[in-house]
Amino acid sequence: MAEVSNKQVILRDYVVKALPKESDLCVINTATIKLKLPAETDQPADAVTSSKVQLVLLKNLYLSCDPYQRLLMESVQGLSVPSMSSYTPGSTIHGYGVAKVLDSRNPDLKAGDLVWGTTNWEEYSLITTPQVLFKIHHTDIPLSYYTGILGMPGMTAYVGFYEICSPKKGEYVFISAAAGAVGQLVGQFAKLMGCYVVGSAGSNEKVDLLKNKFGFDEAFNYKEENDLNVALKRYFPEGIDIYFENVGGKTLDAVLLNMRLHGRISGCGMISQYNLDKPEGVINLMQLIYKRIRFHGFSVPDHYHLYPKFLDFMLPHIRQGKIVYVEDIVEGLENGPAALVGLFKGRNFGRQVVVVSHD
């Protein structure tokens with residue numbers, strides 16, 4: 001069978017405690033792939049191609065850029081799910097994406113099906129762990145949304161806010177990195193609950209987006225605040241009931257001083273710490289005890305069993321226009337490295353998506 005070219009994004013070497021650069025990644029055009037799975041009788045008898053492995057061949061359509069991918073650019077111990085395994089220098093990086101099935105040995109997937117889940121940053125991917133793929137049944141929604149609002153970020157926002165924080169009407173909610181793929185949804189969920197919502201972001205343009213597009217009650221540019229504790233007291237004179245944590249460091253320290261009794265913190269990420277040589281210490285942890293605050297760190301793959309429940313909630317809200325979503329889309333896999341690295345410089349407005357193919 002003829003082979004076709006398979007453009008790929010490769011990690012050159014581990015990025016250790018530094019801001020990643022475009023040059024840390026490279027795009028190669030030398031790889032090839034067959035667009036049909038080999039006959040089972042032609043497979044070598046090894047672990048990768050054993051009969052227990054239900055191979056799926058994908059054509060990648062959309063790839064998502066996520067902050068957690070920075071963590072995978074160095075050797076990290078203790079990561080427990082396939083989508084969170086460290087990258088291997090000299091090999092293709094992986095992440096979440098939307099793809100079309102070209103061929104399959106999985107009984108639940110057939111050629112022509114659309115899926116979202118973990119895939120490689122390349123034009124075509126051979127997936128040996130199809131349990132990380134979700135079949136797409138609702139195609140009246142833009143397919144790119146399955147990298148965001150209907151994919152991992154949407155589930156992260158849903159689980160972190162509803163399942164972990166157990167919000168109540170009228171509560172005071174603060175969200176850091178609020179203009180990102182997750183934060184923009186948490187804010188809208190909180191408004192649907194009748195909460196008072198404030199978000200922080202890294203530019204005045206993003207602050208405007210939060211207030212005028214997503215309906216936040218207030219928002220501020222953290223780069224223009226000399227004292228985050230003072231800023232939070234200005235927006236939350238009565239304190240914070242729920243904090244959705246995306247940043248860590250000085251922001252977390254200031255939030256702890258402003259939490260209310262029995263407050264809840266949903267620990268989603270700490271992007272301010274990912275590129276530091278030495279992580280910043282948090283000195284106000286005694287507030288957890290004084291105020292009986294519950295801090296719950298979580299990883300969304302542990303909650304994917306809730307995906308049907310999540311869809312039942314989210315789809316009507318999207319179709320009725322009650323929840324909106326902003327994407328920042330770049331065309332072409334060759335522009336993927338710049339888009340991914342740009343996350344850590346705040347270049348993106350909303351969910352950063354890379355288009356590999358439109359069909």
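**Group meeting talk: a walk through a predicted model**

Hi everyone, let me start inside the structure: the buried residues of helix α6 pack against β10, α5, β13 (240-245), β14 (259-267), α7 (286-290) and β15 (294-297). This is a predicted model, where local features need pLDDT of at least 70 and side-chain atom pairs count only at pLDDT 80 or more, while totals for chains, interfaces and linings use all residues. Residues are numbered from 1 along each chain as its sequence is written, and side-chain values use heavy atoms, with hydrogens and water left out.

A few words you will hear a lot. Helices (H or I, at least four residues) and strands (E, at least two) are DSSP runs, numbered from the N terminus. Buried means under 20% relative accessible area, exposed means over 50%, and partly exposed is in between, using a 1.4 Å probe and protein chains only. Contact means heavy atoms within 4.5 Å.

Back to α6, then. Why do we call helix α6 largely enclosed by the rest of the structure? Because eight of the 10 residues in α6 (residues 249-258) are buried. Those buried residues are Gly-249, Thr-251, Leu-252, Asp-253, Ala-254, Val-255, Leu-256 and Asn-258.

Now look at Asn-229, which sits in helix α5 (residues 228-235). Its side chain makes a polar contact of 2.9 Å with the side chain of Asn-258. A polar contact is a pair of N or O atoms within 3.5 Å; within protein, one must be able to donate a hydrogen and the other to accept it, and residues adjacent in sequence count only if both atoms are side-chain atoms. If we leave aside neighbours within four places in sequence, Asn-229 is in contact with Ala-254, Leu-257 and Asn-258.

Let's zoom out to the domains. The assignment gives domain 1 (3-148 + 326-355) and domain 2 (152-301), with bounds that come from an automatic or database domain assignment. How far apart do the C-alpha centres of domain 1 and domain 2 lie? They are 29 Å apart. The contact between them takes 23 residues from domain 1 and 18 residues from domain 2.

Next, Asp-66, in the loop between β5 (56-64) and α1 (68-71). Is Asp-66 buried or exposed? Asp-66 counts as buried because its relative accessibility is 2%. The side chains of Asp-66 and Arg-351 are joined by a polar contact of 2.6 Å. Apart from neighbours within four places in sequence, Asp-66 is in contact with Tyr-96, Met-152, Pro-153, Leu-340, Leu-343 and Arg-351.

Leu-72 has 0% relative accessibility, so it counts as buried. From Leu-72 to Met-259, the chain runs 187 residues, and the C-alpha atoms are 32 Å apart in space.

You will find Tyr-146 in the loop between β9 (133-135) and α2, and it counts as buried at 2% relative accessibility. Beyond neighbours within four places in sequence, Tyr-146 is in contact with Val-98, Trp-116, Ile-136, His-138, Gly-151 and Tyr-307.

On to a pocket. On a 1 Å grid over the protein atoms alone, a pocket is an open set of points where a 1.4 Å probe fits, with protein on both sides within 12 Å along at least five of seven lines, and lining residues have an atom within 4 Å of a point. The second largest pocket has a volume of about 380 Å³, where volume is the space filled by probe spheres set on the points, joined across faces, edges and corners. Its lining has 17 residues, and Ser-85, Thr-92, His-94, Thr-118 and Asn-120 lie nearest the centre. Two elements give two or more residues to this lining, β7 (114-120) and β8 (124-127), and β7 gives the most, with three residues.

Last stop: backbone angles. Most residues other than glycine have a negative phi. Ser-166, in the loop between α2 (152-165) and β10 (172-175), has a positive phi near 45°. Ala-177, in the loop between β10 and α3 (183-192), also has a positive phi, near 50°. Ser-166 is partly exposed, with a relative accessible area of 38%, and Ala-177 is partly exposed at 31%.
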